[in-house]
Amino acid sequence: MTSRSYDVLAGAPDSPVLLHVPHSSRVIPPDVREGILLGDGELDRELDHITDAHTEEIAAVAAATAGTAPWRFVNRLSRLVVDPERFPDEREEMLAVGMGAVYTRTTHRAALRPAGFDPGPLIDAYFTPYAEAMAAAVAERLAATGRAVIVDVHSYPTGPLPYELHGEGPRPPVCLGTDAFHTPPALLDAAREAFGGFGGLETDTPFAGTYVPLAYHGKDPRVSALMIEIRRDVYMSEPGGAAGPGARALGAALAALVDAVPTHPPA
């Protein structure tokens, strides 16, 4: 049903940093496209809204600019295939709007897949292999450096979309998503310093939390994590338009964050 849906792009052997880019692609395999109710024009518009456009390029600039190149884990398929950052079960709050690991509703809460759609085959074909590979990438950084630092690279629209459960809060140019267990103060402070030049930043608004593979989530303090959410008007025309000069500046800021992470764990 599928070939590998992700790439692991090597960084420096002694880098603990893993840039995770889960939502940058618009690619939907033909067999998955057949199960989507939208016409081609409607699907293009939905992809404009739901895709974190150009975040792969921002991560690539960071990898090329950082003094110690980070590793990158890049999803090569659209989140309309599966969303690798959702819980695959009832723990996922986005199930309330039909946007769990497999979406059944659009950003505007219209039907995306038929009523009674079985997500199991997509979970088995795409979600589970992706999760296992991400866990393996974290394990490799732990084995090589004694820790892993996951930095999630996302973007979000200037105005809230109907699917957002917490869209009423501030929408700063840069949002830093944190986790009480996995986001140490030093990492958050480094991100505030690196991204302080884009007109303002907030923590956990309008999106909160971080991504950590379930094998490590809430269990292993050697795994740190931080989510970078960039408001799209900072670097591109919305929705789904071209990137502007802000994209390169954001890549440089991300490189500064990468370089602020020591290559060895604190004593």
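Me: Why does Arg-109 count as partly exposed?

Reply: In this predicted model, Arg-109 has a relative accessibility of 38%. Buried means under 20% and exposed means over 50%, with partly exposed in between, so Arg-109 counts as partly exposed.

Me: Where is Arg-109 found, and what is its phi?

Reply: Arg-109 is in the loop between strand 3 (71-75) and helix 4 (120-145). Its phi is near 70°, a positive value in a residue other than glycine.

Me: What is the phi of Asp-204, and why is Asp-204 called partly exposed?

Reply: Asp-204 has a positive phi of about 60°, although it is not a glycine. Its relative accessible area is 28%, so Asp-204 is partly exposed, the class between under 20% and over 50%. Asp-204 has its place in the loop between strand 6 and strand 7.

Me: Which peptide bond involving Pro-206 is cis?

Reply: The one that joins Thr-205 and Pro-206, where omega is about 5°. Pro-206 lies in the loop between strand 6 and strand 7. A cis peptide bond also runs from Glu-238 to Pro-239, with omega near -15°. Pro-239 lies in the loop between strand 7 and helix 6.

Me: How many aromatic pairs are there?

Reply: The count comes to five aromatic pairs, where ring centres must lie within 6.5 Å.

Me: What makes the pair of Tyr-156 and Phe-207 edge-to-face?

Reply: The ring centres are 5.8 Å apart and the planes stand at 70°. Planes over 60 degrees apart count as edge-to-face, so Tyr-156 and Phe-207 are an edge-to-face pair.

Me: Which parts does this pair tie together?

Reply: Tyr-156 lies in strand 4 (residues 148-156), and Phe-207 lies in the loop between strand 6 (201-203) and strand 7 (223-231), so the pair ties together parts that are 51 residues apart in sequence. Tyr-156 and Phe-207 are both buried.

Me: What makes the pair of Phe-195 and Phe-198 tilted?

Reply: The angle between the planes is 40°, at 6.2 Å centre to centre. Stacked needs planes under 30 degrees apart and edge-to-face needs over 60, so the rest count as tilted.

Me: How do you know whether Phe-195 is buried or exposed?

Reply: Its relative accessibility is 1%. The limit for buried is under 20%, so Phe-195 counts as buried.

Me: Why are helix 3 and helix 6 called oblique to each other?

Reply: Helix 3 (residues 55-65) and helix 6 (residues 246-260) pack at an angle of about 50°, with their axes 7 Å apart. Under 35 degrees would be roughly parallel and 65 to 115 roughly perpendicular, and the two helices are therefore oblique. Their crossing is right-handed.

Me: What residue classes make up the contact of helix 3 with helix 6?

Reply: Nine nonpolar, two polar and one charged residues. Among them are Ile-58 and Val-61 in helix 3, and Arg-248 and Leu-250 in helix 6.

Me: Why are helix 5 and helix 6 called roughly antiparallel?

Reply: The axes of helix 5 (residues 185-194) and helix 6 cross at roughly 150° and come within 9 Å. Angles over 145 degrees count as roughly antiparallel, and helix 5 and helix 6 are therefore in that class. Helix 5 passes helix 6 in a right-handed crossing.

Me: Which residues make the contact between helix 5 and helix 6?

Reply: Leu-187, Ala-190, Ala-191 and Ala-194 of helix 5, with Ala-253, Ala-256, Leu-257 and Ala-260 of helix 6. By class, this contact has eight nonpolar, no polar and no charged residues.

Key. Residues numbered from 1 in each chain as written. Predicted model: local features only at pLDDT ≥ 70, side-chain atom pairs only at ≥ 80, totals over all residues. Heavy atoms only, no water. Axes fitted to C-alpha atoms, helices over the stretch in contact; angles between N-to-C directions. Helix = DSSP H or I, 4+ residues; strand = E, 2+ residues; numbered from the N terminus. Left-handed = near helix turned anticlockwise from the far one by under 90°. Contact = heavy atoms within 4.5 Å. Nonpolar A, V, L, I, M, F, W, Y, C, P; charged D, E, K, R; others polar. Phe/Tyr/Trp six-rings, centres within 6.5 Å; stacked < 30°, edge-to-face > 60°. Buried < 20%, exposed > 50% of the residue type's maximum accessible area, 1.4 Å probe, protein only.
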